[in-house]
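Please look over the structure shown below, and then read the report that follows, which takes up strands, helices, charged pairs and surface in turn.

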Amino acid sequence: MPPKSAQEKARSPVESLWKAYNEDTPDRLKFVDSFLLFLMLSGIIQFMYCVLVINYPFNAFLAGFASTVGQFVLTASLRSQVNPVNQGEFKDVSPERAFADFALGSIVLHFFVYNFLG
Amino acid sequence: MVAFKRLLLLAAAFASSYAKSSSGDSVLVIVEPKKQADYTLFLDGLREKGYDLTFRSPRADAPLLTQDGVPSFSHVIFFAPDTKSFPSDITPQSLVSLLGSKTNLLITLSTKQTSLTSLAAEFSLAPAPPGTPLISYFPERSEPLNVVPIQPPSTSHILSQNMAPVWFSGTPFALGNNPMLVPILNAPPYAFASEVDGGSADSLVDAAEKGGEGLWAGSRMGVVTGFQTTTGARVVWAGGAELFSDEYAKKQISQGVESGNKQFAQEVASWAFQESLVLRIDHTEHHKFNTTTPSELYTTSDELVYTAQVSRFYPERGVWKPYSDLKDLQLEFTMLDPHIRIALPPVEGKPGTYSVQFRAPDRHGVFKFVINYKRKGFTHLLSSTTVSVVPPRHDEYPRFISAAWPYYMGAISTSVGFFLFSAIWLGGEVKAFDKKGKGRKAE
């Protein structure tokens with residue numbers, strides 16, 4: 001076993017990290033992570049557009065960018081609350097309760113975003 | 001019989017009123033009673049046109065130029081070039097204030113120094129030193145050296161084309177840089193100012209060697225020059241009164257060729273007395289493109305239409321008629337500086353109408369539509385209309401802007417993503433619990 005793991009480490013730390021993630025992360029969290037990745041890309045694209053092309057309706061930029069950031073934060077909170085590893089820290093919070101918080105927070109966020117967008 | 005007489009009177013009235021100045025018909029002629037007969041042809045010409053002449057001796061105290069602060073005459077002619085001192089109501093100051101109240105002047109100078117000579121300096125004219133008339137040895141002639149035939153320019157707006165040469169004797173003057181000056185007749189290029197006997201050759205050489213100040217010579221010198229004030233009044237300065245006299249009008253230039261003096265004098269007078277080259281702006285209007293009602297308030301970047309109606313005075317009939325021949329009229333849209341300055345072209349098929357459409361600048365503030373047309377000889381056209389240009393109201397901006405679509409898409413995709421995420425999260429619960437269960441087991 002040790003030589004094998006040494007071999008693995010020698011191959012590439014990134015690759016081993018990826019492998020460990022694939023093997024050890026529950027599907028539900030992977031699903032959350034893919035949503036986080038999407039939000040991050042969307043935020044980066046909007047930021048680049050604002051910097052490189054035009055920031056003219058600045059409120060629209062703020063609304064679009066804030067929606068991705070806010071959604072990212074809410075989703076990240078959800079992820080940490082439903083993560084079984086963190087179960088010790090969130091004893092009182094059931095996954096259902098966490099999702100309800102997440103959904104309510106998102107709806108409020110989107111309400112503000114659309115008010116600010118146009 | 002009585003009716004016939006009335007008819008005659010009526011006809012006479014019509015005949016005398018067919019041609020009038022655009023600014024009034026009363027003329028005061030200041031002339032020595034003895035010399036009045038010298039100018040019969042010129043003065044009769046004015047009477048024929050319908051002017052109402054009043055005479056006053058340069059020494060008489062009446063009639064006054066202004067009474068109770070109101071000018072008594074529309075035009076004043078000074079045929080008293082040698083008079084040293086005028087009565088107390090004729091001073092350089094009173095003449096300038098007359099111009100301020102739109103009275104036109106025709107002033108003749110002579111080679112003698114008078115108060116009018118010093119007034120000429122205020123109009124950027126510098127008469128030659130006293131006692132030095134315009135002298136020319138060319139063309140060869142029997143007349144004295146100081147009686148000079150001058151060919152009027154053919155490009156003048158004021159004078160008609162192909163006029164015969166004009167006899168002149170008197171003082172020339174150097175023209176200053178004042179843009180209000182309108183040169184009418186300049187000295188011939190080979191003429192110069194000197195003593196009547198032509199001066200000794202030595203004195204001329206001495207004068208020429210002194211440079212600039214020395215010899216007054218050449219065609220840059222004026223002998224008849226107009227001046228139009230900012231109030232629109234016109235002054236004509238002539239270097240000698242003989243130009244207008246019967247003697248010079250009848251004097252032939254050469255065998256069988258009449259001099260142009262009579263015609264020249266009338267045309268100069270008709271310019272001075274606001275007959276020729278008189279324009280006015282009848283009215284101006286402005287409105288937004290595709291509407292017809294003018295507005296006091298425009299929004300930035302509106303399409304505006306500005307229209308001006310210009311008329312010209314036609315002395316033959318004494319009427320104002322629409323005039324479409326201005327090719328270089330310009331409109332300025334100014335707030336301190338002209339933000340827009342564009343040509344204001346005449347409209348085809350609408351006489352006298354000049355119109356242009358333009359986009360208001362993307363700048364809010366109090367703007368003025370300005371026409372400022374000043375051409376030598378022509379009446380100055382000035383018009384200024386103040387309007388406000390305001391930014392769009394809060395509900396006049398475009399609701400959605402194409403440049404913002406990435407942001408809209410970002411916000412919408414986040415929402416859609418949230419709904420899909422929620423749906424899959426809730427729908428895929430069983431499977432997810434399995435996985436999570438596995439994860440828990442692994443732990």
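Two strands count as paired if DSSP finds at least two bridges between them. In this predicted model, strand S13 (residues 192-193) of chain B and S14(B) run antiparallel and are joined by two bridges, with B:Ala193 standing opposite B:Trp216 in S14(B).

This pair belongs to an open sheet of three strands in chain B, whose order is S8-S13-S14 and whose pairing is antiparallel. Strand S8 (134-135) and strand S14 (216-217) of chain B each have a single partner strand and stand at the edges, so one side of each is left without a neighbour in the sheet.

## Strand S21 and its partners

Strand S21 (residues 303-314) of chain B is largely enclosed by the rest of the structure, because ten of its twelve residues are buried. It pairs in the antiparallel sense with strand S19 (residues 279-288) of chain B over nine bridges, where B:Arg280 stands opposite B:Ser311 in S21(B). With strand S25 (residues 353-359) of chain B, S21(B) is again paired in the antiparallel sense, over seven bridges, and here B:Tyr306 has B:Val356 in S25(B) as its bridge partner.

Strand S22 (residues 319-322) of chain B also runs antiparallel to S21(B), to which four bridges join it, and the bridge partner of B:Tyr314 is B:Val319 in S22(B). S21(B) and S22(B) form a hairpin with four residues between the strands, in which B:Gly318 takes a positive phi near 70 degrees.

## Helix H7 of chain B

Helix H7 (residues 261-272) of chain B has twelve residues and reaches 16 Å from its first C-alpha to its last, which is close to the 16 Å expected at 1.5 Å a residue. Ten of the twelve residues of H7(B) are buried, so the helix is largely enclosed by the rest of the structure; among them are B:Phe264, B:Val268 and B:Trp271, but also B:Gln266 and B:Glu267. After H7(B) comes B:Gln274, which has a positive phi near 60 degrees.

## Salt bridges

Over all chains, a search of the whole structure finds 14 salt bridges. One of them is between B:Lys251 and B:Glu143, whose closest N and O atoms are 3.8 Å apart. This pair links distant parts of the chain, 108 residues apart, with B:Lys251 in the loop between helix H6 (246-250) and strand S17 (252-254) of chain B, and B:Glu143 in the loop between S8 and strand S9 (148-150) of chain B. B:Glu143 counts as buried because its relative accessibility is 19%, the cut-off for buried being under 20%.

The side chains of B:Arg359 and B:Glu303 meet in a salt bridge at 3.7 Å, N to O, which links strand S25 of chain B with strand S21 of chain B across 56 residues. B:Glu303 is partly exposed, at 27% relative accessibility. B:Arg280 forms a salt bridge with B:Asp282, with the closest N and O atoms 2.7 Å apart; B:Arg280 counts as partly exposed at 34% relative accessibility, and B:Asp282 is partly exposed at 33%.

## Surface patch and annotated segment

In chain A, a nonpolar surface patch of about 970 Å² is made by residues including A:Leu37, A:Ile45, A:Phe47 and A:Val53. A:Ile45 lies in helix H3 (residues 27-52) of chain A and counts as exposed, at 56% relative accessibility.

For chain B, an unreviewed UniProt entry carries the annotation "transmembrane region" over residues 405-428. In the model, the chain over residues 405-428 is 96% helix and 0% strand, with its end C-alpha atoms 33 Å apart.

Definitions and conventions. Residues numbered from 1 in each chain as written. Chains lettered and ligands numbered in written order. Predicted model: local features only at pLDDT ≥ 70, side-chain atom pairs only at ≥ 80, totals over all residues. Heavy atoms only, no water. Patch = residues over 30% accessible without salt bridge, like charges linked within 9 Å, V, L, I, M, F, W, Y side chains within 5 Å. Areas by Shrake-Rupley, 256 points an atom, 1.4 Å probe, with all protein chains shown as cover. Salt bridge = Lys/Arg side-chain N within 4 Å of Asp/Glu carboxyl O. Buried < 20%, exposed > 50% of the residue type's maximum accessible area, 1.4 Å probe, protein only. UniProt positions renumbered as here; feature names shortened; annotations may be inferred. Expected span 1.5 Å × (residues − 1).
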